[in-house]
Amino acid sequence: MNYQIELRHFIYFLAVAEELHYRKAAEKLFISQPGLSTQIKQMEGILQTQLFIRDKKKVRLTPAGAFLKGEVEFILNHLEQTKKQLKLIGEGHLGEIRIGFLGSAMQNVIPNLLLDLKEKFPFIHTSLEELSNRAQISAILRDKLDLGFVRLSRVPKGLKLKPVFEDTFSLVLPADHILNEKDFKSINQVATDDFILFSQDYSPQYYDTVLSICEDAGFSPNVSHKSVHAQTVFKLVENKLGIAIVPTALQYGFQMKVKFIELKKIKQRAILSMVWKEDNRNPVLQNCIDLLLKL
């Protein structure tokens, strides 16, 4: 009997690939374990390729299985998004744009984009998710996001990167810190203070840039705490657990007992860029890119 690959094969394969355990995958799928094993063997027979190495102790993906896992994740996610877009278009809308962003983008770029979309393309739906640089790139590559806002100088092949906003950096100090804007001369005046930075995993370019700001002033900062949220950084500064350097735009929208000194004379700038996949097929993506290039 000749069999063909069907959607269920992909769904069953992905469950086993994620769990690496046939019983747990079968429970997740609400089918019997022998039935699941039969479907996987059938799939391997159709493809003429072994996808799993299975012994008494564990289940492992073969190199072919690991490759197929990434492709199936993309296929199933794309199918799900296609269904969602079809429903919106069928209801008279243009579709949905899925946007990832760093927290600092919410200070100006994202609100401006949403307002422009509402005015010029009211039938485009938007979904927003705050993610690290790395998570955004991963989601865009896997077709889980259409557009991202990152602080990166380069991206993987197949992605496009375009700067959309340039900002200065500001020093963040407790409200009663002895240093003020009038007395400020150079960042080396706080060389002995502890520093609170955004995590290197969250934004490696930001982390390296802050280090370079300090190194240009002749010292290496003592990093006492790291976070992925501006509010946490400011709260730590407010409680005198350290000082911070952040993009200047981040000072707005937080009511805390901290003060900001803009570092106007340094060469470093905080560059926010938009990133998207060159072969993205979402019909409303170009509308967003056009609006951003005019901001």
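Q: Which way do S3 and strand S5 pair, and over how many bridges?
A: S3 and strand S5 (residues 147-150) pair in the parallel sense, over 3 bridges. Pairing here requires at least two DSSP bridges between the strands. Strands are DSSP runs of E with at least two residues, helices are H or I runs of at least four, and both are numbered from the N terminus.

Q: What stands opposite Gly100 in S5?
A: Gly148 does.

Q: Before we go on, what kind of model is this?
A: A predicted one: local features need pLDDT of at least 70, side-chain atom pairs count only at pLDDT 80 or more, and totals for chains, interfaces and linings use all residues. Residues are numbered from 1 along each chain as its sequence is written, and side-chain values use heavy atoms, with hydrogens and water left out.

Q: Back to S3. How many bridges join S3 to strand S4?
A: There are 7 bridges between S3 and S4 (residues 124-130), and the two strands run parallel. Gly95 of the pair faces Ile124 in S4.

Q: How does the chain cross from S3 to S4?
A: Through helix H5 (residues 109-120), in a right-handed β-α-β crossover. Right-handed means that, with the strands pointing away from the viewer, the path from the first strand over the helix to the second runs clockwise.

Q: Why is S3 largely enclosed by the rest of the structure?
A: Because 7 of the 7 residues of S3 (residues 95-101) are buried. Buried means under 20% relative accessible area, exposed over 50%, and partly exposed in between, with a 1.4 Å probe and protein chains only.

Q: Which residues cover each face?
A: Gly95, Ile97, Ile99 and Phe101 lie on one side, with Glu96, Arg98 and Gly100 on the other. Those residues are all buried.

Q: New topic. How many helices and strands are in the protein chain?
A: The protein chain has 9 helices and 12 strands.

Q: Is the chain spread out or compact?
A: Its radius of gyration is 25 Å, well over the 19 Å that the globule rule gives for 295 residues, so the protein chain is more spread out than a compact globule. The radius is taken over C-alpha atoms, and the rule is 2.2 Å times the number of residues to the power 0.38. Those C-alpha atoms fill a box of roughly 85 × 50 × 30 Å along the principal axes.

Q: What share of the residues is buried?
A: Of the 295 residues, 45%.

Q: And how many disulfides?
A: The count is 0, where a disulfide is a pair of cysteine sulfur atoms within 2.5 Å.

Q: Is Cys214 buried or exposed?
A: Cys214 is buried, at 0% relative accessibility. Cys288 is buried too, with a relative accessible area of 0%.
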